[in-house]
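Hi everyone, thanks for making time.

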Amino acid sequence: MNLISKVSFDDTAVAFSSKSDAELYKMFLLFKAMNSNTFVKAGGALLTTALNLHLPVKFVIKPTIFNHFCGGETIEESERAIQELGKYNIGTILDYSVEGEGDEKSFDATRDELLHTIEKAHRNKNIPFSVFKITGLIDINLLEKVQKRQELSASERAAFERGRDRVNAICRHCYERDVRVFIDAEESWIQDTIDNLTLEMMELYNKEKANIYNTYQLYRHDRLDVLQRDHENAIKGGYYLGAKLVRGAYMEKERRRAAQEGYPSPINPTKEATDKLFDKGLRFCVKHIDRIAFCNGTHNEASCYLLMELMEEHNIAPNDPRVYFAQLYGMSDNLSYNLANAGYNVAKYVPYGPVVEVMPYLLRRANENTAIAGQSSREFSLIKSEIERRKKARK
């Protein structure tokens, strides 16, 4: 097989093959701005204030940061991104990124929108997965109360059952339409409840293959143990485990809350510890590929190379449907396009939703880019390299 030697994440010609010169220069300007912590923080604060005051800033946001990191305001608008990625054998994961009002009406609306994304995926070979957050369907305070095993009132029990019904409706629809779905991980104080609901859905709908996937945030020191536990339960229950491995998205919030409430932080003490645990997770999934289908959700080049090596060692074909790589739309194209070009299964998370309602997601994305050590600098340097390469090629 030996495809690994043919994959270079420094190959900018492949990484930016879908971008015109004008699009590449636009990316250059965007990442140049995002390379500055000061600019991101000040710009984010100004945008938040403008949105709170209902000022007309959409005309500034949509053609810039929104269009780079999002597919569109609707499923229909996202078609352009789906087709663009599909041309390069990269799948789309439509991610409805609107943070609802937290009431029954918004939970029902989110469920209905997710059912639309599943129908879209069913009809489109370029959409291999759907995705959702449990907090889009059930009140976060209720999830926390269930996790703490606090007694629920009759109305709370009814609300939780309605939430479970929404989760089940989505998972059942995925099963009936043969669409795989990621259930995203969230904060540790509600994650046990999310895990239990997800495993309940797996037991129902993963009998023949993995349709429902749980998400494991490996920056938490207990998550490898949980992954191993879930694998054992899948064997006992006679179903397949779907696992999406990520490093994690709530580190600062988790540490802050642990400090405030006086309990041990669930987060690994160092990035190295997280990297080590993540790699152990990949090794475990590959070793148990007969029962686990999994997604390597990472922007880390070393983790991508490791998985390629593991696949080769275990004679797993690059296009084996049980193994996927995934990155966020607008980021790490050097990973996504080069992996897809070598025949690996790759998908991009493509958020969508009304500009104003997706802004919390976009502001987090901008902050994460500057917070991830070297992420914006790496993106920026790759873009500069491709601009220079194209200039030289024309001479």
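Let me start with a question: at roughly what angle do the axes of α10 and α12 cross? Keep that in mind while I get the ground rules out of the way. This is a predicted model, so local features need pLDDT of at least 70 and side-chain atom pairs count only at pLDDT 80 or more, while totals for chains, interfaces and linings use all residues. Residues are numbered from 1 along each chain as its sequence is written, and side-chain values use heavy atoms, with hydrogens and water left out.

A word on names too: helices (H or I, at least four residues) and strands (E, at least two) are DSSP runs, numbered from the N terminus. Axes are lines fitted to C-alpha atoms, for helices over the stretch in contact, and angles run from 0 to 180 degrees between N-to-C directions.

Okay, back to the question. The axes of α10 and α12 cross at roughly 15° and come within 10 Å. That makes α10 roughly parallel to α12, a label used for angles under 35 degrees, with over 145 being roughly antiparallel, 65 to 115 roughly perpendicular and the rest oblique. On the α10 side, Leu 224, Leu 227, Gln 228 and His 231 make the contact, and on the α12 side Leu 277, Lys 280, Gly 281, Phe 284 and Cys 285. Contact here means heavy atoms within 4.5 Å.

Now for the neighbour on α12's list, α13, residues 301–313. The axes of α12 and α13 also come within 10 Å, and they cross at roughly 25°. So α12 is roughly parallel to α13 as well, again in a right-handed crossing. Here Phe 278, Asp 279, Leu 282, Arg 283 and Val 286 of α12 meet Ser 303, Leu 306, Leu 307 and Leu 310 of α13.

Let's turn to the sheet. How many strands close into a barrel? Eight of them, in the order β1-β2-β3-β4-β5-β6-β7-β8, with parallel pairing. Two strands pair if DSSP finds at least two bridges between them. Direction ignored, neighbouring strands of this sheet are turned by 30° against each other on average.

The helices come back in here. α10, residues 223–237, packs on the sheet, touching β4 (212–217), β5 (241–246) and β6 (292–297), and its direction makes about 155° with that of β4. α12, residues 271–287, packs on the sheet too, touching β5 and β6, at about 150° to the direction of β6.

Let me zoom in on β3, residues 180–183. It pairs with β2, residues 129–132, in the parallel sense over four bridges. Within that pair, Val 131 stands opposite Phe 182, and Ser 130 has Val 181 as its bridge partner. On to β4, which runs parallel to β3 and is joined to it by three bridges; there, Phe 182 is partnered by Tyr 213. In general, side chains in a regular strand alternate between the two faces of the sheet. In β3, Arg 180 and Phe 182 point one way, Val 181 and Ile 183 the other, and all are buried. Buried means under 20% relative accessible area, exposed over 50%, and partly exposed in between, using a 1.4 Å probe and protein chains only.

Next, β8, residues 346–352: seven of its seven residues are buried. Six bridges join it to β1, residues 91–96, and the two run parallel, with Asp 95 opposite Pro 351. β7, residues 323–328, is parallel to β8 too, through four bridges, and Ala 326 stands opposite Ala 347.

Leaving aside neighbours within four places in sequence, Ile 292 contacts His 231, Leu 241, Ala 243, Phe 284, Cys 285 and Arg 322.

Last topic: how many disulfides are there? Taking a disulfide as a pair of cysteine sulfur atoms within 2.5 Å, the count is zero. For Cys 171, the nearest cysteine sulfur is that of Cys 174, 6.2 Å away. Cys 171 is buried, with a relative accessible area of 0%.

Note on methods
A crossing is left-handed if the near helix is turned anticlockwise from the far one by less than a right angle, and right-handed if clockwise.
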